[in-house]
Amino acid sequence: GGKTSTTGGGAQQQQRTKTAFVGDDTWIDLFPHQFYDSHPFPSFNTRDLDTVDDGCSLHLPRLLQSFGSGGTPIDADTADNSFFEVVVAHFLGVDHVGHTY
């Protein structure tokens, strides 16, 4: 998805929404080219209640920091990453508890 804009020559081009992701790696399988910044963690082992959630807790504060930055560049893993319009964070531990215990 994204916004459509018209360039000076009248040609239309897609502008991707600046989206970041952290969490369940299934999202990357479903949307392999959607995210400017992504931190997927393996989610297949339903007895592992910590790996995905620990990864979310590690990366989410930096990703959320960009919302209050007013477009000011922040420390990031990608070069073109001054702010995000959308951050998807998929914690998984509680879901795994429900399926396993």
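**Surface, fold and core of the chain**

The protein chain exposes about 6,300 Å², of which carbon and sulfur atoms supply 54%. The model is a predicted one. Of the chain's 101 residues, 31% count as buried.

The chain contains 3 helices and 5 strands. Followed along the sequence, these elements give the pattern β-β-β-α-β-α-β-α.

In soluble globular proteins, nonpolar side chains tend to be buried together. Here the largest nonpolar core has 10 residues: Ala20, Val22, Phe41, Val52, Cys56, Leu60, Leu63, Phe84, Val87 and Leu92. Two elements, strand E3 (19–24) and helix H2 (51–65), each give two or more residues to this core. H2 supplies the largest share, 4 residues.

Val22 is one of the core residues. Leaving aside residues up to four places away in sequence, Val22 touches Phe41, Cys56, Leu60 and Leu63, and also His39, Gly55, His59, Val88, Ala89 and His90.

A further position to look at is Ser43, in the loop between strand E4 (37–41) and H2. Is Ser43 buried or exposed? Ser43 counts as buried because its relative accessible area is 12%, and the cut-off for buried is under 20%. With residues up to four places away in sequence again left out, Ser43 touches Asp24, Asp25, Thr26, Val52, Leu92 and His96. Among these neighbours, Val52 and Leu92 are also listed in the largest nonpolar core.

Terms used:
Residues numbered from 1 in each chain as written. Predicted model: local features only at pLDDT ≥ 70, side-chain atom pairs only at ≥ 80, totals over all residues. Heavy atoms only, no water. Core = buried A, V, L, I, M, F, W, Y, C linked by side-chain atoms within 4.5 Å. Buried < 20%, exposed > 50% of the residue type's maximum accessible area, 1.4 Å probe, protein only. Contact = heavy atoms within 4.5 Å. Areas by Shrake-Rupley, 256 points an atom, 1.4 Å probe, with all protein chains shown as cover.
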